[in-house]
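Colleague: I'm new to this one. Please walk me through it, starting wherever you like.

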Amino acid sequence: MSINKILNSLEKSWERDHILLNIKKGLGTDEIVNEFLLKNERQITQLNSLLRPEDIDLLSQVEKLSTCESKLINEIKNLNYLKNNKNHQILNKKNILPSNRISFNKISSFMINWSNKFVVIALLTISAIALSKQAWA
């Protein structure tokens, strides 16, 4: 099986909506990841055998990017909490409703789309690297 087919198959198996539903049901991240690994063990083993050192370096960079995104989300959440807490205190003092609040759905949608686009670009880059290496070999 080619690396492109494996990556497409794994991408289809990792449906964000399904993952979010599992999180809302109370499943932990370890449980979700382990379930994914068990369901896709064959494809992951094949993918691992096809990865070259430069692909692994790219995966490390994608992992660092995901960590940065996670930290960014956490900071935004903390800032939003502090702002809401401050607004709540003001509301209690003045009984005024805040007028210009950005909804969490907009921020969540932005982060999900941004993250999805980067992952797709990263996967396409890995595929392009693999194909160009094969073409020059």
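Colleague: Which residues does A130 touch, not counting residues up to four places away in sequence?

Modeller: This is a predicted model, where local features need pLDDT of at least 70 and side-chain atom pairs count only at pLDDT 80 or more, while totals for chains, interfaces and linings use all residues. Residues are numbered from 1 along each chain as its sequence is written, and side-chain values use heavy atoms, with hydrogens and water left out. Contact here means heavy atoms within 4.5 Å. With residues up to four places away in sequence set aside, A130 touches I3 and R52.

Colleague: Where does A130 sit, and is A130 buried or exposed?

Modeller: Look in helix α6, residues 104–136; helices are DSSP runs (H or I, at least four residues; strands are E, at least two), numbered from the N terminus. Buried means under 20% relative accessible area, exposed over 50%, and partly exposed in between, with a 1.4 Å probe and protein chains only. A130 has a relative accessible area of 8%, so A130 is buried.

Colleague: How far apart in space are A130 and I3, C-alpha to C-alpha?

Modeller: In sequence, A130 and I3 are 127 residues apart. Going C-alpha to C-alpha, the distance between A130 and I3 in space is 8.1 Å.

Colleague: And what does I3 touch, not counting residues up to four places away in sequence?

Modeller: I3 belongs to helix α1 and is buried, with a relative accessible area of 10%. Its C-alpha is 8.3 Å from that of Q46, 43 residues away in sequence. Beyond four places in sequence, I3 touches L47, L50, L51, I126 and A130.

Colleague: Is α1 parallel, perpendicular or oblique to α4?

Modeller: Two packed helices are described by the angle between their axes and the distance between the axes. The axes of α1 (residues 3–13) and α4 (residues 41–50) come within 10 Å and cross at roughly 140 degrees; axes are lines fitted to C-alpha atoms, for helices over the stretch in contact, with angles from 0 to 180 degrees between N-to-C directions. Angles under 35 degrees count as roughly parallel, over 145 as roughly antiparallel, 65 to 115 as roughly perpendicular and the rest as oblique. That is why α1 counts, relative to α4, as oblique.

Colleague: Which residue classes make up the contact of α1 with α4, and how many of each?

Modeller: On the α1 side you have I3, I6, L7, S9 and L10, and on the α4 side Q43, I44, Q46, L47 and L50. Ala, Val, Leu, Ile, Met, Phe, Trp, Tyr, Cys and Pro count as nonpolar, Asp, Glu, Lys and Arg as charged, and the others, Gly among them, as polar. The tally for the contact of α1 with α4 is seven nonpolar, three polar and no charged residues.

Colleague: How is α3 oriented to α4?

Modeller: Here the axes of α3 and α4 come within 5 Å and cross at roughly 80 degrees. That angle is why α3 is, relative to α4, roughly perpendicular.

Colleague: How many charged residues are in the contact of α3 with α4?

Modeller: F36, L37, L38 and K39 of α3 meet E41, Q43 and I44 of α4. By class, that contact has four nonpolar residues and one polar, and the charged ones number two.

Colleague: What about N40: which residues is N40 in contact with, leaving aside neighbours within four places in sequence?

Modeller: N40 lies in the loop between α3 (29–39) and α4. With a relative accessible area of 4%, N40 is buried. Neighbours within four places in sequence aside, N40 is in contact with L10 and S13.

Colleague: And N22: what are its contacts, again leaving aside neighbours within four places in sequence?

Modeller: N22 is placed in helix α2, residues 16–24. Its relative accessibility is 7%, so N22 counts as buried. With those neighbours left out, N22 is in contact with L27 and I32.

Colleague: Zooming out, what share of the residues in the protein chain is buried?

Modeller: The protein chain has six helices and zero strands. Out of 137 residues, the buried share is 18%.
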